[in-house]
Amino acid sequence: MEIYLDNSATTRVFPEVAELVTRMMCEDYGNPSSMHMKGVEAERYVRQAKASLAKILKVQEKEIFFTSGGTESDNLAIIGAARANKRQGMHLITTRIEHPAVLQTMRYLETEGYTVTYLPVDASGRICLKDLEQAITPETILVSIMHTNNEVGSLQPIAEAGTLIKRINPKTLFHVDAVQGFGKAVIHPKKMQIDMLSISGHKIHGPKGVGILYVGEKVKMHGISYGGGQQSGLRSGTENVPGYMGLARAAELLYGHLPQDMERLYELKAYFIQGLLKIEGVQINGLVDGDMSGRGTAPHIVSVSVPGVRSEVLLHTLEDAGIYVSAGSACSSHKPQPSETLKAIGADKAILESTIRFSFSVYTTREEIDYTLKIMYDRIPMLRKYTRH
Amino acid sequence: MFTAFLIKYAEIGIKGKNRYLFEDALVQQMKYALKKCEGEFSIHKTQGRIFIEAQTEFDFDEVVGKLKTVFGIAGICPVIAVEDEGFDKLKETVVQYIADVYPGCTKTFKVHARRTRKNYPKDSMTINMEMGDAILKAYPEMKVDVHEPQIMFNIEVRERKIYIYSEIIPGPGGMPVGTGGKAMLLLSGGIDSPVAGYMIAKRGVKIDAVYFHAPPYTSERAKQKVVDLARLVSRYTGPIYLHVINFTDIQMYIYEKCPHEELTIIMRRYMMRIAEHIAKENECLGLITGESIGQVASQTMNSLIATNEVCELPVYRPLIGFDKQEIVEVSEKIGTYETSILPYEDCCTIFVAKHPVTKPNVNVIRRHEENLAEKIDELVETALKTDELIIVSE
């Protein structure tokens, strides 16, 4: 039995998407830049993919740019906007719990002479709008806030932040990393005053190595790679047509019945949390005001600490039973450093060392949750017996 | 330009009547190494030297890189082999050779000719003088120094061809693998044990290895890391038979029954016992560990008494007098360092006590091991029965 509860790391590709991508690779393999028919067809596919994504986001087709994934989207948005708007100011704002694709990019810009404010978060992993309000200055050119935190699933007040930013400094750009949020929430950049939005294909049952950056048409941006000038010169490089089509199809499939799926995931999450609380000493991280229903956080992420059991050991124990989860966040679990997000929400050492993340998808079933709980009930007492002093 | 290599070997030259055994083993190892290179080569032994001649085009750097992993090779001399087309032609070739290999050379040199083809019109002394003359005429900046030349131009007149060489690329030294028997390496994921394996293999010893795996406390990646390390070591040793032993139950049982300060020592004693058992089954003549005196609590001299006494086979500890930095240097040289420092936990560190004993009393340890009497034999037997064998080669 394989129970995959690590969907925030990556997801299983929808079979329909895989078929489409395969067919595109084998049959419709043209280069959109070619002048012949095959190239024209390929260009048509790129436009088709843009059109369906634009519809989901309620933006214009020309505002959709394809990238190699979430990391590139974040890099392009932050560096591209910072460079293009340098004359207006050199101050940037972000939060302490961003993904490394944002945080490391900010650190890089600091070495280029930019100043960055890192907003703190409360125990539920959310920023305080007052802090944001106070941080914005006339020199602030960009605010970057993630939609859904990848480690604890906290949701940021994106729409409110958008309104606030534009009220204080209409020139300040607003970037949102929606890699974990897209496909799990309705996101309309225009309504939320978002200027740039990062999305990744493989988190929504699409292919790896493909992502999107939405860039509002009025946004002043520089590209950060140089070459053949594809995608209006913002992102050179031959278009990954099968990848774009795959991403677009996956998004269509998810958004086709998003409300029902979200409701089902929230029910599963509440059910899982109820089950977890039967384990002595267990702590659920990132809940809003201790709301055990899990509403107010992402529907698909449950961050759990089992004090006394090291996260890696619990992970391998579950693995042994065919259950795949993650210790902290997959992107940082190769380095045995404590998670920045968990530290930012004020977790102590016992919590830092014992946190694992479960993340659901549309494939997750109640039976899988029951089995997972059963394994945890069975094995945790034994694991607690053997601890390091 | 180069079409052949002269292989120099140091130690195996002095092995008396067994010499041919060592030479044959060396040729065997070289053949094995060259099989992985592009091109075809013939290898022949003549008068205390080994020649490799390329039969086809080949990649010089690739071949030298591979030869540098063959124990027993002291030096690799890239050789130009030419037909005998008269002495004037030979002079031209040597002058051109210097232009190619030592552009703008101002060094001192000496010509050293040898003839195995005795009917060559000039004798060795004459070749030395006339060739030296020709070099001086072509490169007036160079000087002759017959006592301590910076470059020695070797010219060997053989039956079919004339060989020219001067450069000596250092080889790894040591003795050909397989001439010294076989030993069982206790391989962890750390920096030390791969180096220990390398050092013993360098003395001509073939290596088998054993790794103790403790799921779920150690991960699949930790095991993969050990396989990767074995693969890196196997570039020098040839294929390694890696035994993976599931140690979890034994470790848990010790944890339950013995004082925690002695956990590591008692665990090590069981690892040694199991390693020795597999070693004997596989005709190994000794065990190899990466221990170094005082590096950690389980490697003090007192602790070593405790871990040593459970084995009959000799335990080879080639790093015993090395500082950590010295070990790191070797591991960087042989290319295992980067893999060794990947951060996956190995089974020795999971349950380590805050203050493990550094001066264990063997009698006390033995007494505490008696607490294990009820189940330990059965657990060891199961561990041995579930031994997973992975054959690792490059």
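Modeller: Happy to! Domain bounds here come from an automatic or database domain assignment. This is a predicted model, where local features need pLDDT of at least 70, side-chain atom pairs count only at pLDDT 80 or more, and totals for chains, interfaces and linings use all residues. Residues are numbered from 1 along each chain as its sequence is written, while chains are lettered from A and ligands numbered from 1 in the order in which they are written.

Colleague: Which residues make up domain 1 of chain A?

Modeller: The assignment for chain A gives two entries, and domain 2 covers 15–255. Domain 1 is written in two pieces, 3–11 + 257–385.

Colleague: Which element supplies the largest share of the side of domain 1 of chain A that touches domain 2 of chain A?

Modeller: In chain A, 28 residues of domain 1 are in contact (C-beta atoms, placed from the backbone, within 7 Å) with 27 residues of domain 2. Helix H8 (258–276), strand S10 (301–305) and helix H10 (340–344) of chain A each supply at least two residues of that side of domain 1; helices (H or I, at least four residues) and strands (E, at least two) are DSSP runs, numbered from the N terminus. The largest share, 4 residues, comes from H10(A).

Colleague: Which are the edge strands of the open sheet in chain A?

Modeller: The 4 strands run in the order S9-S10-S13-S12 (chain A), with antiparallel pairing; two strands pair if DSSP finds at least two bridges between them. Those that pair on one side only are strand S9 (283–285) and strand S12 (326–327) of chain A.

Definitions and conventions: Two residues are in contact if their C-beta atoms, placed from the backbone, lie within 7 Å.
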